[in-house]
Each structure stands twice: as structure tokens, then as C-alpha cells.
Amino acid sequence: MPQIENESRPKYLAIAEALLSDVQSGRLKPGHRLPPQRQLAKELGVDLTTVTRAFNEARRMGLIEANTGRGSYVRGKAPDLDNVAPAGSPIIDLSMNMPPQPLAARLRERIQEGIAGVLSSPHGLMHLHYQESVGTGPDRVAAARWLGARLGPVPVDRVVVTGGAQTALYAVVRVLVQAGETICVPDLTYPGLRAIAEQLKVRLVPVAMDGEGIDPAALEEACRREKLRAVYCVPTIHNPTTATMSEKRREAIAEIARRHGIAIIEDDAYGALPRQAPAPIAAIAPDLTWHVATLSKCVTPALRTAYVITPGLADTLRLAAEIRAMALMIPPLMSALASRWILDGTLDAITTAIREESAARQCIARRTLQGLKFQAHPEGHHLWLTLPERWRRADLNLYARQSGLALVPSEAFAVESAPNAIRVSLGAAQNQTGLERGLALLATVLSHGPGALSSIV
């Protein structure tokens, strides 16, 4: 019998949460058979539909599995090497770098309730119309309020609302750089920016990184050697290395950019995740910096909402023209929902739940991957793992897929030479149990050399 502690939640979610709690505590063991749904509904005093929804949610979370004619059972623990899943089996996704979606975030219910609230408001139907390419006035005000917590006061005329960070970065690069011109980037950089550069025929100049991100001395040398238009960086929880720049490092990057007259493209995708982080570069050098902040990493990629803070009004108008030609506008219903969540505190509540879930998943990673060498931020969604000497990236990618794991090797990020490393994303797993299963499988594979796993004769 599940112990329902939170009576304010929908009954089906409360039952699913109780199952999760009992599995995590060991009260329910792998292989444990659950009571028939009709019996459970009767004992709990709810209808059968509620219990059916709860079991479906538990299956979605990877907690239980159903066998026709035999009932529902608690899923088993992570397999050992002798039971590695065969090729073609369902993949455990450690590749997609998205925020986890814990039950505490209540994303399904909040999205449903939020959209209903937006549409039922006095001007609700206006959110089904075409809007300005920079975003509506209320959406820009909400964005300035949300970003102001990290940047300080933000003039609304410098805010542009866009359909996700990728759209924002594409438009910013179009404004700043012509085909054949050059952007300076870390030697390991976001694959989305590499795709933009290839599409727009923009050359990327990689510079060395250290434990804090871009090395100022390497950036200085690149500025002297190349005719740069901009420098691109992810200063907080860098993707993929997880490096975070100190305040002193951010000031150094800003000072070099100012001295050489180049723009800064600050991709602050993860800036809302840490409870404490240095101020963004846009707070240090607002007249040089194109600051891009997205809700995809601190709430959900489904909102497709990101905000750009431009250096000035003229830049806002140039960016709006690019967005108008490229995408016309952000989906207005999604931007209105994001604004509603910013103003009523829901966005902060969701981010807090995601931050706590990410911290718990990082603890699982530290425990499960003990003995392996990796870098991580305690409140981030991913880690950067250096492979043991006996493994090459190509071999691991092959064996990982044969074992049912999806990973991202370092060449996805490398502008030139790629280190022997992989990015491991912790957020895509539906729950902590599924994540631990995937990480345990990864640790098992890495503990053996590729020769030990080869089936070639």
C-alpha cells in the first residue's frame, strides 16, 4: 500500500511519487509484484482510472514493467556485463543535454494550467495573433525582470524575445559577422554554434581553455594574429567541459575584447542553474556583449523561449530585422506562458526543483562513476569524462551503442583536435533509477578493455 503524504497533488501523481519513494528506499525490491489495480483502487478509495494513470506514469518513469496476464512488477537493477543489452534494444540516453523533469517540477500540470490561464485572461486571444519580431511589450518587461536578477537593471529596449537559443545565436552571428569573417571560440565549443558557422560560411578560430574556460593569454594572442569580429563563450557550466569562469576571468575576457574592438557573444544557457555564480559578462561590459539566455536548460526546451540583451537600441533593431526575415516571431503562446511563469514565481519554483534534481543526479554520478576521471558542476546537467587509456572514442561509441547507451564523443565539440573524452548528460533519463542504470552500465563497459567485449572471431 503506497503511503500518500501530499494530499494537495493529483491522486495519480501522488501514487506514482509514493512508488518512486518506496523503490528508492528499498521498501519495494526489484521483481516485487504490485497489487492488482482494481484492488489498489478499492483500498485507496479512488477510481480505477486514477490507479491506471498512476501505473502508466510509473512505467514512464522506468519504475515498473507490466507482463500481460501476470500483472505489474518493480523493474530490476542495472545489468552487469554478462547481461549487457543486445544491439537494437532500447537506448539509455546519456547524450541529450536537457534538464531533468522531476515530479516536483509539475511541468505537465503547470503547462496545462498556465496555457489555460493565458487564454482565459482578458486579452487571451491576442496570444493567438501575429506579434512584433522583438516580442510583445509585456514579454520584454518580464524578460528584463527575470534577467535583472543576474544582470542588474536591464533596459527593455535592449531586450529581444526569440524562439530558443539556437535561433538567437544564428541571428546574432548574422548581425555581427559576414561570410568569410572570423569568430574566436573555445577549442571545445557548442555544436550548435559550429553548425551556424558552417551554414553562414563563418570561420571559427579555436583558442585554448583551462579549468575556467577560455585562456585570456590564448585569446590575446588570437586577437593579435587574426582579424576577429567576435568572441563566443559559455562562461557558466561550459558545454561540454563544465568549466565556470571566475569574476576575474570574466573581467579579463571583457578587457581584451574592449581593447581589440571585438564583440562578445555570451551564451548563458546554464546561468540560472547555480544558486551562486559570478555576474554575467554582460553586467561587466554591456556595451560589447550580446547576452543570450534561454529557458531550455532551466525549465524545458518545449517552451522554445530565449532572450537576447543587445548592446544598444540600434543593435536591437538590427537583430529584430534578422529574426523577422528568419522566423518572423517567437510562438506567442509560449512566450506568454514564460512571462506568466516569470511574474507569478512559477519559473523560479520549476528551476529550483530542477536544480535540486540535478544535484541529486550529480551525487549518483559521483557514486556510480567512482574511480573514473571526470569534471562536473554540482548543479549542472552533464559531466565531462576522460576515457581510460585503453579506450578510444570510436571504440567506445561502438560498444556503447551495442550495450544500449547513447553518448556524445568529444569530436562533436572539437574545432580542431579532439581529446579522448565524452560528454555524459544526466538529464534525459526519466528518473534517478534509469540514470543509475545507465551510468552503472557505462562504468561496467569502461572497466573492461574493448578487447574483452569484442565478439569478432
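I began with the crossover at E9: strand E9, helix H9 (residues 247–260) and strand E10 make a right-handed β-α-β unit. I note here that the model is predicted.

I then looked at how the two strands of that unit are joined. E9 and E10 pair in the parallel sense, over four bridges. Within this pairing I found Tyr 232 opposite Ile 265 of E10.

Next I checked E10 itself. Is strand E10 (residues 263–267) enclosed or open? Five of its five residues are buried, so I recorded E10 as largely enclosed by the rest of the structure. The cut-off I used for buried is under 20% relative accessible area. I also sorted its side chains by direction. Ala 263, Ile 265 and Asp 267 point one way, Ile 264 and Glu 266 point the other way, and all are buried. In a regular strand the side chains alternate between the two faces of the sheet. I noted that the buried set of E10 includes Asp 267 and Glu 266.

I followed E10 to its other neighbour. E10 pairs with strand E11 (residues 289–294) in the parallel sense, again through four bridges. Here Asp 267 has Val 292 of E11 as its bridge partner.

I went back to E9 and took the strand on its other side. Which strand pairs with E9 over three bridges? I found strand E5 (residues 182–186), running parallel to E9 (residues 228–233). Two positions went into my notes for this pair. Ile 183 stands opposite Ala 230 in E9, and Cys 184 has Val 231 of E9 as its bridge partner.

E5 and E6 run parallel and are joined by five bridges. One of the positions I looked up was Thr 182, whose bridge partner in E6 is Arg 203.

With these pairs in hand I wrote down the whole sheet. In what order do the seven strands lie? I read E4-E12-E11-E10-E9-E5-E6, an open sheet with mixed pairing. Strand E4 (159–162) and strand E6 (203–207) are at the edges with a single partner strand each, so one side of each has no neighbour in the sheet. From one strand to the next I get an average twist of 20 degrees.

I turned to the other sheet on my list. Four strands form an open sheet with antiparallel pairing, in the order E13-E14-E17-E16. Its edge strands are E13 (373–376) and E16 (408–409), each of which pairs on one side only. I looked up the E13 pairing: four bridges join it to strand E14 (residues 382–386), and the two run antiparallel. In that pair, Lys 373 has Thr 386 of E14 as its bridge partner.

My last entry concerns the surface. Which residues make the nonpolar patch of about 300 Å²? I listed Leu 119, Leu 125 and Leu 128. I placed Leu 125 in the loop between helix H4 (107–120) and helix H5 (137–151).

Definitions and conventions. Residues are numbered from 1 along each chain as its sequence is written. This is a predicted model: local features need pLDDT of at least 70, side-chain atom pairs count only at pLDDT 80 or more; totals for chains, interfaces and linings use all residues. Side-chain values use heavy atoms; hydrogens and water are left out. Two strands pair if DSSP finds at least two bridges between them. Axes are lines fitted to C-alpha atoms, for helices over the stretch in contact, and angles run from 0 to 180 degrees between N-to-C directions. Patches are made of residues with over 30% relative accessible area and no salt bridge: like charges are joined within 9 Å, nonpolar side chains (Val, Leu, Ile, Met, Phe, Trp, Tyr) within 5 Å. Accessible areas come from the Shrake-Rupley method with a 1.4 Å probe; for residues, only the protein chains shown count as cover. A salt bridge is a side-chain nitrogen of Lys or Arg within 4 Å of a carboxyl oxygen of Asp or Glu. Buried means under 20% relative accessible area, exposed over 50%, partly exposed in between (1.4 Å probe, protein chains only). A crossover is right-handed if, with the strands pointing away from the viewer, the path from the first strand over the helix to the second runs clockwise.
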